[in-house]
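Let's take a walk through this fold together.

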Amino acid sequence: MDLRRPSPPPPPSPMTALLLLALLLQMAPWPAGARQADPGGAAPSRNLFGAFSRPASYGPPQLQYCSCSCGVANEARIVGGQETDEHEFPWMVRLSYFNRFYCGGTLINDRYVLTAAHCVKGFMWFMIKVTFGEHDRCVTGAKPESRFVLRAIVGDFSFMNFDNDIALLRLNDRVPISEHVRPVCLPKGTEDAYVGANATASGWGTLREDGKPSCTLQAVQVPVMSNEDCRATKYNEKMISDNMLCAGYPEGMKDSCQGDSGGPLATQREDNRFEQIGVVSWGNGCARPGYPGVYTRITRYLDWILANSKEGCFCSDS
């Protein structure tokens, strides 16, 4: 079972980490309401270091909407493992840890980013830098929009089986929505399995197994499989839970790869908007025959996502 992210750099000393956290909190104090309740429904508590507690169960959240539209790509086209147009997918974000790229993510509203749990669990979340509106990450001198993470929300994730590989990142400040920085749409319901749909995975990951991460944003289109078909591949059927989604070709050839972890798998709807249906999670190598890419299934977590990101302002989905 291979992670779809490179190895992170070694962490700093504990004293350095504490100083960095204190500096970040001075720069951007937590706003009112930036708290989460415990799983038993107890009163919310403010806990700087307990970032990876299980989120609570909520009723239907009251969402805020801004005067913008989600899921609108810039000159989107069908791709097959090639460089995207500049700013083609304006919801794409890059995560770096101590200024080293290691994962992707997706902007879902002006304050929250969706990514994979394995991209944040075990990391000092306050040292994760989130960059927006970027195409070529290797360009020097460019100053794209960026934020730091104030809080990471992760559920019942385990590196043993990669189930529940999903996380939300609360940003230290709102992100201005523009033509080049715009949230993706989320599914409107939980029933669609998307079997047979052509989906697009995007990221700055490696172009081949054990290769180097790409400087420019890449994208690949892969068909979504049923979980029954995925369990009949070379994977052990117990490895594929109902919280996962598989996409790829039987013969391999096209796939996400190392460095794409946390990034989106999205489909283009009839209204031409893109909605995210998966989060890049894991696979056996990259594009190997009989081993499709495995993604976290968004529809299994839709209520959880909305409840834990309701402090942000969503773009209209109509």
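A disulfide here is a pair of cysteine sulfur atoms within 2.5 Å. Keep in mind that this is a predicted model. With that cut-off, a search of the whole structure turns up seven disulfides, and we'll stop at some of them, including the one between Cys68 and Cys315.

In that pair the sulfur atoms sit 2.0 Å apart, so they meet the 2.5 Å cut-off for a disulfide. The torsion about the S-S bond of Cys68 and Cys315 comes out at about -95 degrees, and so this disulfide is left-handed. Now look at where the two ends are: Cys68 belongs to strand β2 (residues 64-69) and Cys315 to strand β16 (residues 313-316), so the bond ties together parts that are 247 residues apart in sequence. Cys68 and Cys315 are both buried.

Next, go to Cys103 and Cys119, another disulfide, with sulfur atoms 2.1 Å apart. Here the S-S torsion is about -75 degrees, which makes the link between Cys103 and Cys119 left-handed. Cys103 is in strand β5 (residues 100-107), while Cys119 is in the loop between β6 (112-115) and β7 (128-132); the two are 16 residues apart, and the pair links distant parts of the chain. What about burial? Buried means under 20% relative accessible area, so Cys103, at 0%, counts as buried, and Cys119, also at 0%, does too.

Six strands close it, in the order β4-β5-β6-β9-β8-β7, with antiparallel pairing. From one strand to the next, the twist averages 45 degrees. For a detail of that pairing, zoom in on β7 and strand β8 (residues 146-154): they run antiparallel and are joined by three bridges. Lys129 stands opposite Phe148 in β8.

Follow the chain from β9 towards β10 and you reach a loop, between β9 (167-171) and β10, that holds Arg182. Which side chain of opposite charge is nearest to this buried arginine? That's Glu179, 6.1 Å away. A salt bridge needs a side-chain nitrogen of Lys or Arg within 4 Å of a carboxyl oxygen of Asp or Glu, and Arg182 has none, although it is buried. What the Arg182 side chain does have is a polar atom 2.5 Å from the backbone oxygen of Val72.

Strand β11 (residues 218-223) is itself mostly covered, with six of its six residues buried. In a regular strand, side chains alternate between the two faces of the sheet.

One more disulfide to visit: Cys230 and Cys246, with sulfur atoms 2.0 Å apart. The torsion about their S-S bond is about -70 degrees, so the disulfide of Cys230 and Cys246 is left-handed. This pair links helix α2 (residues 227-231), which holds Cys230, to strand β12 (residues 244-247), which holds Cys246; the two cysteines are 16 residues apart. Cys230 counts as buried at 0% relative accessibility, and Cys246 is buried with a relative accessible area of 0%.

How values were computed. Residues are numbered from 1 along each chain as its sequence is written. This is a predicted model: local features need pLDDT of at least 70, side-chain atom pairs count only at pLDDT 80 or more; totals for chains, interfaces and linings use all residues. Side-chain values use heavy atoms; hydrogens and water are left out. Buried means under 20% relative accessible area, exposed over 50%, partly exposed in between (1.4 Å probe, protein chains only). Helices (H or I, at least four residues) and strands (E, at least two) are DSSP runs, numbered from the N terminus. Two strands pair if DSSP finds at least two bridges between them. Axes are lines fitted to C-alpha atoms, for helices over the stretch in contact, and angles run from 0 to 180 degrees between N-to-C directions. Lys and Arg count as positive and Asp and Glu as negative; His and the chain ends are not counted. A polar contact is a pair of N or O atoms within 3.5 Å; within protein, one must be able to donate a hydrogen and the other to accept it, and residues adjacent in sequence count only if both atoms are side-chain atoms.
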